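Hello,

Here is the structure we talked about. Please open it first, then read the notes below.

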Amino acid sequence: MFMELWKKRAALVEKNLSVELKKNPALEDKLAQAMQYSLMSGGKRLRPILLMAAADAVSGSGEKFLTVASAIEMIHTYSLIHDDLPAMDNDDYRRGKLTNHKVFGEATAILAGDALLTLAFEVMTRQENISPEILLKVMQEMSIAAGAAGMVGGQSIDLESEDKKISMSTLQKMHMAKTGALFKAAIRSGAILAGANSEQLDALTIYAEKFGLAFQITDDILDVIGDEKNLGKPVGSDEKNNKSTYVTLTSIETAKNLAQKAVDDAVDALKNFSAEADFLRELVKFLLGRNK
């Protein structure tokens, strides 16, 4: 049931992303192709699914917010295109395919990322059956998560931390911003759209923070022991770039224990929610056994 719902909603997101791209074609064919190349290259569609699952937990209405859910995937895709650039993480493969700049060139890849980020906020304005006040709150959540206080700020810390052994507190600060911020925005936005009260929003915020932590720790573990075919990108990139991770600052075994603790804390945060939150419970547990 858990995986069936994930697949069903991922397919809904996939279809809607294609629809939204066609509503706003790029002026230049190469740019349009570059945007489509990365946005429609598969992936778990985890962030839009989290948004819908958080709305389910509050009111069982997740699929009503497919439009905003699709927009957050555009923001995520923009971040991947830019993260892969030579000036950033300098990766050649993403999801088993050549990265955007390897196919279209660095300049077009930068523009494709820029275009997807700005398109995301246009798409959010098309969300139906929600008050302007609530939609503005959600757009604020998204913009903060994507900006200097979120993903961009986290990437900046990451770049400054290369070839250095950083503290655990700096590592946590970096990943709460670079990886965790968009997870938190997805979950909080879903809750806000569904009319969560303050207690529900606080609990889902804790869940989101622990989810992001568990995701990042398992990501660090997979970079050491994962399979390149499953991951769709080379393993060992953290070591190649001399980056501090939860594995390098502790050990594989300690990192696994930290991930388990984060998952347990995330599940505990949902203790006052009904069965409508079961997907969120199963999803965070799934992180411990993921292979990609």
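Which helix does Thr 108 lie in? Thr 108 lies in helix H6, which covers residues 106–124. Please keep in mind that this is a predicted model.

Is Thr 108 buried or exposed? Thr 108 is buried, because its relative accessibility is 13% and the cut-off for buried is under 20%. Leaving aside residues up to four places away in sequence, Thr 108 touches Lys 30, Leu 31 and Ala 34.

Now the overall picture. The protein has 16 helices and two strands. Its radius of gyration is 18 Å, close to the 19 Å that the globule rule gives for 292 residues, so the protein is as compact as a globular protein of that length. The C-alpha trace spans about 50 × 50 × 35 Å along the principal axes. Of the 292 residues, 51% are buried. Among contacts with a separation of 6 or more, 75% are between residues 24 or more positions apart. The protein exposes about 13,400 Å², and carbon and sulfur atoms supply 53% of that area.

Next, charges. There are 35 positive and 40 negative side chains. The centres of the two sets lie 2 Å apart. The salt bridge count comes to 19. Some of them follow.

- Asp 92 and Lys 102: the closest N and O atoms are 3.6 Å apart. This pair links distant parts of the chain, 10 residues apart. Asp 92 sits in the loop between helix H4 and strand S1, and Lys 102 in helix H5. Asp 92 is partly exposed at 33%, and Lys 102 is partly exposed at 45%.
- Arg 290 and Asp 219: the closest N and O atoms are 3.4 Å apart. This pair also links distant parts of the chain, 71 residues apart. Arg 290 is in the segment after helix H16, and Asp 219 is in helix H11. Arg 290 is buried, with a relative accessible area of 9%, whereas Asp 219 is partly exposed at 24%.
- Glu 282 and Lys 285: the N to O distance is 3.9 Å. They are three residues apart in helix H16, so about one helical turn separates them. Glu 282 is partly exposed at 37%, and Lys 285 is partly exposed at 41%.

One more item to look at. Lys 8, Arg 9, Asp 56 and Glu 63 are linked in a network of salt bridges.

Best wishes

Definitions and conventions. Residues are numbered from 1 along each chain as its sequence is written. This is a predicted model: local features need pLDDT of at least 70, side-chain atom pairs count only at pLDDT 80 or more; totals for chains, interfaces and linings use all residues. Side-chain values use heavy atoms; hydrogens and water are left out. Helices (H or I, at least four residues) and strands (E, at least two) are DSSP runs, numbered from the N terminus. The radius of gyration is taken over C-alpha atoms; the globule rule is 2.2 Å times the number of residues to the power 0.38. Buried means under 20% relative accessible area, exposed over 50%, partly exposed in between (1.4 Å probe, protein chains only). Contact means heavy atoms within 4.5 Å. Accessible areas come from the Shrake-Rupley method with a 1.4 Å probe; for residues, only the protein chains shown count as cover. Lys and Arg count as positive and Asp and Glu as negative; His and the chain ends are not counted. The place of a charge is taken as NZ of Lys, CZ of Arg, CG of Asp or CD of Glu. A salt bridge is a side-chain nitrogen of Lys or Arg within 4 Å of a carboxyl oxygen of Asp or Glu.
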